[in-house]
Amino acid sequence: MQTVIPIGKSEHVPTALRPLIVALAEVGAELARTIQRGPLGGALGQEVGTNLGGDGQKALDIMADAAFAARLKLASVRWYASEEQDEVIELDPAGRYALAIDPLDGSSNIDVNVSIGTIFSVFEAKDGADESVLRPATEQIAGGYIIYGPQTMLVVTFGDGTQEYLLDPDSREWLLINPAVRVPDTSREFAINASNYRHWPQPIRAYIDDCIAGEEGPRAQNFNMRWVASLVAETHRILTRGGVFLYPGDAREGYAMGRLRMVYECAPIAFVMEQAGGGATDGHDRIMGKTAETLHARTPFVFGSPEKVARVAAYFDLPEQEVSALFGARGLFRV
Ligand SMILES: O=P(O)(O)OC[C@H]1O[C@](O)(COP(=O)(O)O)[C@@H](O)[C@@H]1O
Ligand SMILES: [Mg+2]
Ligand SMILES: [Mg+2]
């Protein structure tokens, strides 16, 4: 049954963080409207520049970044670390928090009417800009995302479970609809950009080969594949019905650490996942135990249902000959 508590009054949001979360939610609601207006709001998907990560910046990326920065300045945010800014910038010198953000995730989907999102991570501010965000992911005090989809939702954790809020299209209020999200462990879905197969490391190829082999392979069951190319959309699907997401490092130039950024993409998603009973790894180490060395540093990223994440990690531990063997010989994973 639905509990209709507005986000500003939710007991799950720590009192001190309420102004910040309400600020994020307000900008998210405005962005949702802009996104819904599509081409009536101008050419949102138009390429307008390039960010430090080498990605093309769309008009909506820049618009979202400016809107969040302007509003968060009034919500005790001292340090603002954004995908769209080269460096961490100071918003309010008296602010208590540091916030890292991917203002608009899944930009390639802006023009095609597919779900996109905003991802955010919050720390207590330190004196220095970089030291406030380049620290272990376990030090996050909040992490979450907003998904602009058929429904607009805000999913967030403060380290005590993961909560889900829905933007009511009539009242424009964010209402609590799930106070304790749990990742199901039953799904047989995996998500990966399979066009990069030839560039993947051997353990990832072996894992996907074994999924694709289905009933005839070592897993002896059929799997289904999904790839939206919007991290928030994949996260939301996996949070809702289970599965696993993989963006490994690969052999393409610049992709040794994959595509996704540790500070404002992987750390908050890992926090949300773990607090919902899921897992998140880079293949070897738990994402939550990692610290980025630079603001835009990438990391290989695998997350989702805990058993699936552990299984992917196990492929990285297999002896070389076993990983390279045809799946028929990969006896370890017969189930
Ligand atoms: O185009 P690819 O290589 O499949 O990558 C898709 C991934 O890139 C992203 O779009 C990166 O995020 P941005 O759109 O914020 O740069 C993710 O949302 C998505 O998972
Ligand atoms: Mg992104
Ligand atoms: Mg982005």
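By class, the shell around ligand 1 in this predicted model holds 7 charged, 6 nonpolar and 4 polar residues. That shell counts 17 residues, and the closest are Gly106, Asn193, Leu231, Tyr247 and Arg259. Strand 5 supplies its largest share, 3 residues. If you look at the domains, at least three shell residues come from domain 1 (7-178), and at least three come from domain 2 (189-333).

**Polar contacts of ligand 1**

Which side chains place a polar atom beside an oxygen atom of ligand 1? Trp227, Tyr247 and Glu265 do, as the table shows.

| Residue | Atom in ligand 1 | Distance |
|---|---|---|
| Trp227 (polar side-chain atom) | oxygen | 3.1 Å |
| Tyr247 (N or O atom in the side chain) | oxygen | 2.6 Å |
| Glu265 (polar side-chain atom) | oxygen | 3.1 Å |

Taken alone, ligand 1 exposes 470 Å², and the protein buries 88% of that area. Tyr247 also belongs to the closest residues of the shell.

Distant parts of the chain are linked here: Asp105 sits in strand 5 and Glu265 in helix 6, 160 residues apart. Both of these residues, Asp105 and Glu265, are buried.

The magnesium ion (ligand 3) is coordinated by Glu83 (OE), Asp102 (OD) and Leu104 (O), at 2.1 to 2.2 Å. The spacing of its donor residues in sequence is E-x18-D-x1-L. This site also links distant parts of the chain, with Glu83 in the loop between strand 3 (77-82) and strand 4 (89-90), and Leu104 in strand 5 (residues 97-105), 21 residues apart.

Are Glu83 and Leu104 buried or exposed? Buried means under 20% relative accessible area. Glu83 has a relative accessibility of 6%, so it counts as buried. Leu104 has 1%, so it counts as buried too.

Which residue coordinates both ions? It is Asp102, and the magnesium ion (ligand 3) and the magnesium ion (ligand 2) are 3.7 Å apart.

Glu265 is worth a visit of its own. Within the protein, a polar atom of the Glu265 side chain lies 2.8 Å from the backbone nitrogen of Arg261. Glu265 is found in helix 6, and its relative accessibility is 1%, so it counts as buried.

How much of helix 6 (residues 262-275) is buried? The count is 12 of its 14 residues, so the helix is largely enclosed by the rest of the structure. Among the buried residues are Met262, Val263, Tyr264, Cys266, Pro268 and Phe271, along with Glu265. After helix 6 comes Gly277, whose phi is positive, near 90°.

Methods: Residues numbered from 1 in each chain as written. Chains lettered and ligands numbered in written order. Predicted model: local features only at pLDDT ≥ 70, side-chain atom pairs only at ≥ 80, totals over all residues. Heavy atoms only, no water. Donors = N, O, S within 2.8 Å, 3.2 Å for Na, K, Ca; no water. Helix = DSSP H or I, 4+ residues; strand = E, 2+ residues; numbered from the N terminus. Buried < 20%, exposed > 50% of the residue type's maximum accessible area, 1.4 Å probe, protein only. Near = heavy atom within 4 Å. Polar contact = N/O pair within 3.5 Å; in protein donor to acceptor, adjacent residues only side chain to side chain. Areas by Shrake-Rupley, 256 points an atom, 1.4 Å probe, with all protein chains shown as cover. Nonpolar A, V, L, I, M, F, W, Y, C, P; charged D, E, K, R; others polar. Domains from an automatic or database assignment.
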